[in-house]
Amino acid sequence: MRVPFIAGNWKMNTTVGEAVSLVREMLPGLDTVKNVEKAVCPPYVSLSAVKEVLEGTSVKLGAQNLYFMEKGAYTGEISPPMLAGLCEYVIIGHSERRKYFNDTDETVNKKIQAALGAGLKPILCIGERLEENEAGKTGEVVTGQLKSALEGIPYPVGFVIAYEPVWAIGTGKPATGEQANDTIGLIRRTVSELYSGEAADDVRILYGGSVTAANTAEFMSRSEVDGALVGGASLKPDEFLSIVTQTAEIR
Ligand code: PGA
């Protein structure tokens with residue numbers, strides 16, 4: 001049985017003070033919800049402060065990115081050993097990083113290897129752009145991204161994948177539950193081909209892209225969807241709590 005997982009990607013929002021206030025506000029509610037794994041992914045500079053607030057609770061912490069080198073002359077970058085011990089999860093290959101910061105299938109693969117090497121659990125993001133979707137290439141694109149990201153990597157236990165159609169992120173236009181379920185089913189079959197049936201049963205595959213409290217049930221009622229990677233709505237304590245609570249009720 002896969003435990004559903006809801007992760008909040010705060011993106012480039014909140015100062016350290018705001019991050020601490022935000023997590024303090026949502027924590028009492030989140031902490032009481034059972035049978036759903038919950039995580040927040042604040043900006044790097046707030047990880048330590050948020051970690052302190054989360055200490056002893058059921059809410060996990062994730063980073064939004066990392067660089068694949070261990071140390072050295074890479075001004076401005078954050079390495080896997082710097083995150084190890086600070087957080088449990090790390091988002092890798094988010095479409096905003098692919099679009100604005102030159103993450104490629106090749107660097108995503110290196111980042112996954114580096115994260116696993118440091119004992120971090122990757123949340124690998126894959127998803128097609130609008131023109132690819134319209135050209136009927138969704139399956140080809142996401143399976144291609146998945147295969148490149150995992151090339152040469154033994155099945156990573158605890159690994160999480162987020163299917164995030166680029167056209168649904170931050171647009172208020174989510175995929176339908178059926179689209180998400182179909183594509184996630186395809187991703188799971190690909191994991192089975194690459195590794196094994198057990199790996200496909202084990203891996204949690206989330207949907208991401210304009211998830212809100214109002215559409216949570218649409219996604220969580222689908223058999224292939226194991227949770228959500230939530231952007232904008234994860235900055236609103238009541239909304240995020242509602243997404244988590246509904247998920248617990250539905251699954
Ligand atoms: P959104 O972002 O929920 O604001 O669409 C999702 C994401 O980018 O992970």
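Start with helix α2: the elements covering its buried residues include α1 (16-32), β2 (37-41), β3 (59-63) and α3 (80-83). This is a predicted model, in which local features need pLDDT of at least 70 and side-chain atom pairs count only at pLDDT 80 or more, while totals for chains, interfaces and linings use all residues. Residues are numbered from 1 along each chain as its sequence is written, and side-chain values use heavy atoms, with hydrogens and water left out. Helices (H or I, at least four residues) and strands (E, at least two) are DSSP runs, numbered from the N terminus.

**Stop 1: α2**

Select residues 47-54, which form α2. Colour Leu47, Val50, Val53 and Leu54: these are buried. Buried means under 20% relative accessible area, exposed over 50%, and partly exposed in between (1.4 Å probe, protein chains only). Now look down the axis of α2. Its buried residues fall within an arc of 125°, so they line one face of the helix. The arc is that of the directions from the helix axis to the C-beta atoms. Then step just past α2 to Gly56, where phi is positive, about 80°.

**Stop 2: two loop residues**

Which loop holds Thr14? Thr14 lies between β1 (5-9) and α1. Its phi is near 80°, a positive value in a residue other than glycine. Thr14 is partly exposed, with a relative accessible area of 21%.

Asn35 is not a glycine either, yet has a positive phi of about 65°. Is Asn35 buried or exposed? At 64% relative accessibility, Asn35 counts as exposed.

**Stop 3: α5 against α7**

Show α5 (residues 105-117) and α7 (residues 138-150). They pack at an angle of about 45°, with their axes 7 Å apart. That makes α5 oblique to α7. Axes are lines fitted to C-alpha atoms, for helices over the stretch in contact, and angles run from 0 to 180 degrees between N-to-C directions. Angles under 35 degrees count as roughly parallel, over 145 as roughly antiparallel, 65 to 115 as roughly perpendicular and the rest as oblique.

Select the contact residues (contact means heavy atoms within 4.5 Å). From α5, take Asp105, Val108, Asn109 and Ile112; from α7, take Gln145, Ser148, Ala149 and Leu150.

Stay on Asn109, in helix α5. Asn109 counts as buried, at 10% relative accessibility. Not counting residues up to four places away in sequence, Asn109 touches Ser148, Ala149, Leu150, Glu151 and Ile153.

**Stop 4: α7 against α8**

On the α7 side, select Thr138, Gly139, Val142, Thr143, Leu146, Lys147 and Leu150. On the α8 side, select Thr183, Leu186, Ile187, Thr190, Val191 and Leu194.

**Stop 5: Ala200**

Finish in helix α9 (residues 197-202), at Ala200. Ala200 counts as buried, at 6% relative accessibility. Which residues is Ala200 in contact with, leaving aside its neighbours within four places in sequence? Select Arg2, Arg188, Val191 and Ser192. Last, draw a distance from the C-alpha atom of Ala200 to that of Glu55: the two are separated by 32 Å, and the residues are 145 apart along the chain.
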